[in-house]
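Have a look at it first.

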Amino acid sequence: MVEILAIAYAAKHKRRDSHAKLFLQDQLFLTLKYLCQYVTQKELSYEFEVGEATTHDVIVWVENSLAKSKKFSLLGRGALLEHPEIEIALIDATESPIERPKKTNDDGIAVKRDVTP
């Protein structure tokens, strides 16, 4: 996996000399930890001492780079449905409420009117 990422990294950065804050091994470890342990990106950003946006970008880049190599891929939904050993698949589709301000008439913009008698 590291060899594939090294080739993708070289292709991505052939024109500029800037380097990522994390080594390729750390980027791979971060992604694998995210996928296997389902750790939040906020926790990973704290553990690896990078920003949350960087954590997200690393995960997306590593997943895409490995998928493009055709050596690593996830089974699609159709393959799971046709697999002879899988009888039941559970999906966590828990909804979490979003806190939003309540709409009231007081929230509107006050307009100063010119009243001419």
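Q: What makes Gln-27 a buried residue?
A: This is a predicted model, and in it Gln-27 has a relative accessible area of 5%. Buried means under 20%, so Gln-27 counts as buried.

Q: Where does Gln-27 lie, and which residues does Gln-27 touch?
A: Gln-27 sits in helix H2, which covers residues 24-37. Leaving out residues up to four places away in sequence, Gln-27 touches Ala-20, Leu-22, Val-58, Trp-61 and Val-62.

Q: How do you know that the side chain of Gln-27 reaches the backbone oxygen of Leu-22?
A: The distance there is 3.2 Å.

Q: Why are H2 and H4 called roughly perpendicular?
A: Helix H4 covers residues 52-68, and H2 packs against H4 at an angle of about 90°, with the axes 9 Å apart. Angles of 65 to 115 degrees count as roughly perpendicular, so that is the name for H2 and H4.

Q: Which residues make that contact?
A: From H2 come Leu-24, Gln-27, Leu-28, Leu-30, Thr-31, Tyr-34 and Leu-35. From H4 come Thr-55, Val-58, Ile-59, Trp-61, Val-62, Glu-63 and Leu-66. Sorted by class, the contact of H2 with H4 has ten nonpolar, three polar and one charged residues.

Q: What makes Thr-31 buried?
A: Thr-31, another name to look for in helix H2, has a relative accessible area of 2%. The cut-off for buried is under 20%, so Thr-31 is buried.

Q: Which residues does Thr-31 touch, and what does its side chain reach?
A: Not counting residues up to four places away in sequence, Thr-31 touches Val-58, Ile-59, Val-62 and Glu-63. Take Val-62: Thr-31 and Val-62 are 31 residues apart in sequence and 7.0 Å apart in space, C-alpha to C-alpha. The side chain of Thr-31 also reaches the backbone oxygen of Gln-27 at 3.0 Å.

Q: How do you know that the buried residues of H1 are on the same side?
A: Helix H1 spans residues 2-12, and its buried residues are Ile-4, Leu-5 and Tyr-9. They cover an arc of only 135° around the axis, which means they are on the same side of H1.

Q: What covers the buried residues of H1, and which exposed residues are on the face turned away?
A: The cover includes H2 and H4. On the face turned away from the buried side, H1 carries the exposed residues Glu-3, Ile-7 and Ala-11.

Q: Why is Ser-65 called buried?
A: Ser-65 belongs to helix H4, and its relative accessibility is 9%. Buried means under 20%, so Ser-65 counts as buried. Apart from residues up to four places away in sequence, Ser-65 touches Ile-4, Leu-5 and Ala-8.

Q: What makes Leu-66 buried, and which residues is Leu-66 in contact with?
A: Leu-66 is also found in helix H4. With a relative accessible area of 9% against a cut-off of under 20%, Leu-66 is buried. Leaving aside neighbours within four places in sequence, Leu-66 is in contact with Met-1, Ile-4, Leu-5, Leu-28, Lys-71 and Phe-72. The C-alpha atoms of Leu-66 and Val-2 are separated by 9.6 Å, and the two are 64 residues apart along the chain.

Q: What makes Glu-49 exposed?
A: Glu-49 has a relative accessible area of 61%; the cut-off is over 50%, so Glu-49 is exposed. Glu-49 is in the loop between H3 and H4, and its phi is near 60°, a positive value in a residue other than glycine.

Q: How many helices and strands does the protein chain have, and how much of the chain is buried?
A: There are five helices and zero strands, in the pattern α-α-α-α-α along the sequence. Buried residues make up 20% of the 117 residues.

Technical notes: Residues are numbered from 1 along each chain as its sequence is written. This is a predicted model: local features need pLDDT of at least 70, side-chain atom pairs count only at pLDDT 80 or more; totals for chains, interfaces and linings use all residues. Side-chain values use heavy atoms; hydrogens and water are left out. Helices (H or I, at least four residues) and strands (E, at least two) are DSSP runs, numbered from the N terminus. Buried means under 20% relative accessible area, exposed over 50%, partly exposed in between (1.4 Å probe, protein chains only). A polar contact is a pair of N or O atoms within 3.5 Å; within protein, one must be able to donate a hydrogen and the other to accept it, and residues adjacent in sequence count only if both atoms are side-chain atoms. Contact means heavy atoms within 4.5 Å. Axes are lines fitted to C-alpha atoms, for helices over the stretch in contact, and angles run from 0 to 180 degrees between N-to-C directions. Angles under 35 degrees count as roughly parallel, over 145 as roughly antiparallel, 65 to 115 as roughly perpendicular and the rest as oblique. Ala, Val, Leu, Ile, Met, Phe, Trp, Tyr, Cys and Pro count as nonpolar, Asp, Glu, Lys and Arg as charged, and the others, Gly among them, as polar. The arc is that of the directions from the helix axis to the C-beta atoms.
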